[in-house]
Amino acid sequence: MQKSRLLLRERFSPVTYLFLSIVLFLTMVLCICVGSVRITFSDTVTAVWNAVWGLPIPQNIAKNIILNVRLPRVLCVTLAGASLSICGAAMQGLLRNPLADGSTMGVSSGAALGAIIAIVIGFTIPGSAYGGTMIMAMAFAFGSLILILSLAYALDRSLSTSSIILIGVIFTMFISSIISLLITFCSDHTRSLSYWTLGSFSGVNYDQVKLLFLALLLCGGVLFRFSPELNAFAISEDNARHIGVNVKRVKLIIMITVSVLIGVCVSISGTVSFVGLVMPHIARMLVGPNHKRLLPASLFSGAIFLLLADLVARTLLSPIELSIGVVTSMVGAVAFVIIFNKTRKAR
């Protein structure tokens with residue numbers, strides 16, 4: 001009985017999950033309502049509700065805008081924000097480094113390079129408009145992970161955290177230079193690639209929503225399953241080893257899971273920075289370092305943050321739409337400096 005109560009205290013209560021779900025739902029509705037065409041709250045809820053249950057939608061409701069343009073976009077943004085945020089939380093806990101993230105590990109850059117090569121060479125899979133880009137992004141994310149781990153192992157024979165981060169930063173800079181070269185020499189794709197490298201959810205559809213949902217369900221489930229191990233890693237690798245955690249096996253599983261999830265996100269939205277770096281910090285300040293609470297808090301906060309960033313990106317200079325990466329970088333950089341300063345003062 002005492003153990004059950006302790007587990008309940010370690011996790012969010014159903015009431016907390018309900019509150020976070022309501023806040024996320026209201027944010028999603030806000031993002032559907034606001035745009036170049038203003039739509040009322042009641043029209044949005046009516047259109048979605050009737051579409052879900054197969055009921056006729058009244059003629060005076062902007063059905064096409066709600067169901068075919070904004071709803072798939074909002075769903076994609078929600079799932080991508082949640083995915084990137086829990087990936088960042090998992091990597092920071094695993095490596096005990098506040099700068100650890102898919103972007104600093106080089107996984108995002110590798111996935112972006114794979115997707116850009118697929119776009120440049122026109123690699124596609126019959127029957128799937130986005131399959132070629134996605135497979136290339138995931139393949140390059142895997143390849144980047146293997147290369148970074150191999151180089152880190154060759155450096156110190158122990159896969160230490162500092163070696164992985166160092167190799168990841170160097171690898172990211174190297175990949176960025178290759179991407180710049182590709183953009184420079186592929187003039188036919190310069191505009192689309194430049195826009196895509198900064199991130200965009202323009203033109204997404206329900207097929208991509210399904211892919212993101214499936215990836216988050218599977219990979220997110222794995223990361224949540226390893227919450228106790230992440231708590232042990234957050235103290236030290238020696239601590240994890242002493243309590244019976246297979247350090248190398250768990251580290252490899254979590255890194256592969258993160259690379260798959262980031263690869264899927266990058267193949268759909270392009271590179272969206274700072275979500276996985278900043279949002280786990282904010283979540284950690286609110287709920288503490290326990291990953292049984294930190295992962296769900298990061299999931300909800302990442303989704304809400306990216307929804308609001310996307311809303312700003314498409315409405316601030318309407319009808320011109322900014323890349324979402326521009327907004328997340330501006331907000332994220334300021335937030336990161338504030339968090340870093342507070343953390344340093346707290347020490």
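In this predicted model, arginine 73 and glutamate 321 are joined by a salt bridge, with their closest N and O atoms 2.7 Å apart. Arginine 73 belongs to helix H4, whereas glutamate 321 sits in the loop between H15 and helix H16 (324–346), so the pair ties together parts of the chain that are 248 residues apart in sequence. The two partners can also be described by their accessibility. Arginine 73 is buried, at a relative accessible area of 10%, while glutamate 321, at 25%, is partly exposed.

A further salt bridge links the side chains of aspartate 310 and arginine 314, with an N to O distance of 3.6 Å. Both residues lie in helix H15, where they are four residues apart, or about one turn of the helix. Through shared partners, salt bridges connect Arg73, Asp310, Arg314 and Glu321 into one network.

The model contains five salt bridges. Among them is the pairing of glutamate 229 with arginine 225, whose side chains meet at 3.6 Å, N to O. Glutamate 229 has a relative accessibility of 15%, below the 20% cut-off, and therefore counts as buried.

Helix H15 (residues 291–315) also holds serine 298. This serine is buried, its relative accessibility being 0%. Leaving aside residues up to four places away in sequence, serine 298 is in contact with Ser85, Ile86, Ala89, Pro280 and Ala283.

The buried residues of H2 are Leu20, Leu24, Thr27, Met28, Val29, Cys31, Ile32 and Cys33. The elements covering these buried residues include H3, H4 and H15.

Other residues of this region contribute to the surface. A nonpolar patch is formed there by Leu18, Ile22, Phe25, Leu26, Phe41, Val45, Trp49, Val52, Trp53 and Leu55, which together have about 1100 Å² of accessible area. Helix H2 (14–33) and helix H3 (41–52) each provide at least two residues of the patch. Leucine 55, one of the patch residues, is found in the loop between H3 and helix H4 (63–95).

Spanning residues 131–156, H7 has 26 residues and extends 38 Å from its first C-alpha to its last, close to the 38 Å expected at 1.5 Å a residue. The buried residues of H7 include Gly131, Gly132, Thr133 and Met134. Further along H7, Met136, Ala137, Ala141, Ser144, Leu145, Ile148, Leu149 and Ala152 are buried too. Just after H7 comes arginine 157, which adopts a positive phi of about 60°.

Notes
Residues are numbered from 1 along each chain as its sequence is written. This is a predicted model: local features need pLDDT of at least 70, side-chain atom pairs count only at pLDDT 80 or more; totals for chains, interfaces and linings use all residues. Side-chain values use heavy atoms; hydrogens and water are left out. Patches are made of residues with over 30% relative accessible area and no salt bridge: like charges are joined within 9 Å, nonpolar side chains (Val, Leu, Ile, Met, Phe, Trp, Tyr) within 5 Å. Accessible areas come from the Shrake-Rupley method with a 1.4 Å probe; for residues, only the protein chains shown count as cover. A salt bridge is a side-chain nitrogen of Lys or Arg within 4 Å of a carboxyl oxygen of Asp or Glu. Buried means under 20% relative accessible area, exposed over 50%, partly exposed in between (1.4 Å probe, protein chains only). Contact means heavy atoms within 4.5 Å. The expected span of a helix is 1.5 Å times one less than its number of residues.
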